[in-house]
Each structure stands twice: as structure tokens, then as C-alpha cells.
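Please look over the charge pairing and helix packing in the model below. My notes follow as numbered points.

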Amino acid sequence: MASAPSPSTRTAEDQALIDRLTGRAEAAEQAVVQRDATMSKLRHDLRGILSPAMLMADRLAASEDPFARRTADTLIKTIERADAALKATRPP
């Protein structure tokens, strides 16, 4: 198996290719960092929206009205699924 040429034996064309590839790799890494930061903020914002809904659903669940309790159960399950979906988007 041939080894890569040492930096002193690379041609200008080889070095230009290496520089372009390195730049693209760095840009891709930066895009991943930006995506992760954006997703983190979005998860945080969505949880902030879901929290009051869960609090109200919990209050409805304590109601004596059977319809209110059934409605609360549906709301709670839906909010929990949304929360699970948000957790699933976390990076490894």
C-alpha cells in the first residue's frame, strides 16, 4: 500500500486539494455545531410551550368530571409523546 507523500514532496496541486478538503471538513464541522445549537434552543423553547399545557392537563386530571379526566389523559399522553420526540432529537 502506497503511503501519502510527505509535505515536502507534495505538488502545489496536491496541497491545493488538501486545503480545499480541509476547508470543507471544517465548514461541515461548523455546520454541525450550529445545527446542534439551533436544535438545543428549539427543544428548550418547545418544552417551555409544553410545560403550561402539562400543568393544566394535570389540573384537569384531578377534576371530578369524567369528561375532563378523559380529556386530561389524552392531553397528558400527547404532551408526553411530544416530549419523547424532543428527547429523541438530542445528539448522541
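1. A salt bridge here is a side-chain nitrogen of Lys or Arg within 4 Å of a carboxyl oxygen of Asp or Glu. A search of the whole structure finds five of them. The model is predicted: local features need pLDDT of at least 70, side-chain atom pairs count only at pLDDT 80 or more, and totals for chains, interfaces and linings use all residues. Residues are numbered from 1 along each chain as its sequence is written, and side-chain values use heavy atoms, with hydrogens and water left out.

2. D65 caps the N-terminal end of α2. A side-chain oxygen of D65 lies 3.0 Å from the backbone nitrogen of F67.

3. Which residues of α2 are buried? They are A68, A72, I76, I79 and L86. Buried means under 20% relative accessible area, exposed over 50%, partly exposed in between (1.4 Å probe, protein chains only). The cover over these residues includes α1 (12-61).

4. Side chains of opposite charge can pair when their charged atoms come close. D83 lies in α2 and R47 in α1, so the pair ties together parts 36 residues apart in sequence. R47 is partly exposed, at 24% relative accessible area.

5. D83 also forms a salt bridge with K87, with the closest N and O atoms 3.3 Å apart. Both lie in α2, four residues apart, about one turn of the helix. K87 is partly exposed, at 43%. Shared partners join R47, D83 and K87 into one network.

6. K77 and D73 form another salt bridge, with the closest N and O atoms 3.2 Å apart. They too are four residues apart in α2, about one helical turn. K77 is partly exposed at 46%, and D73 at 37%.

7. Check R43, in helix α1. R43 is buried yet has no salt bridge. How far away is the nearest side chain of opposite charge? That side chain, D36, is 6.7 Å away (Lys and Arg count as positive, Asp and Glu as negative; His and chain ends are not counted). Leaving aside neighbours within four places in sequence, R43 is in contact with D36, L86, T89, R90 and P91 (heavy atoms within 4.5 Å).

Note on methods
Helices (H or I, at least four residues) and strands (E, at least two) are DSSP runs, numbered from the N terminus. A polar contact is a pair of N or O atoms within 3.5 Å; within protein, one must be able to donate a hydrogen and the other to accept it, and residues adjacent in sequence count only if both atoms are side-chain atoms.
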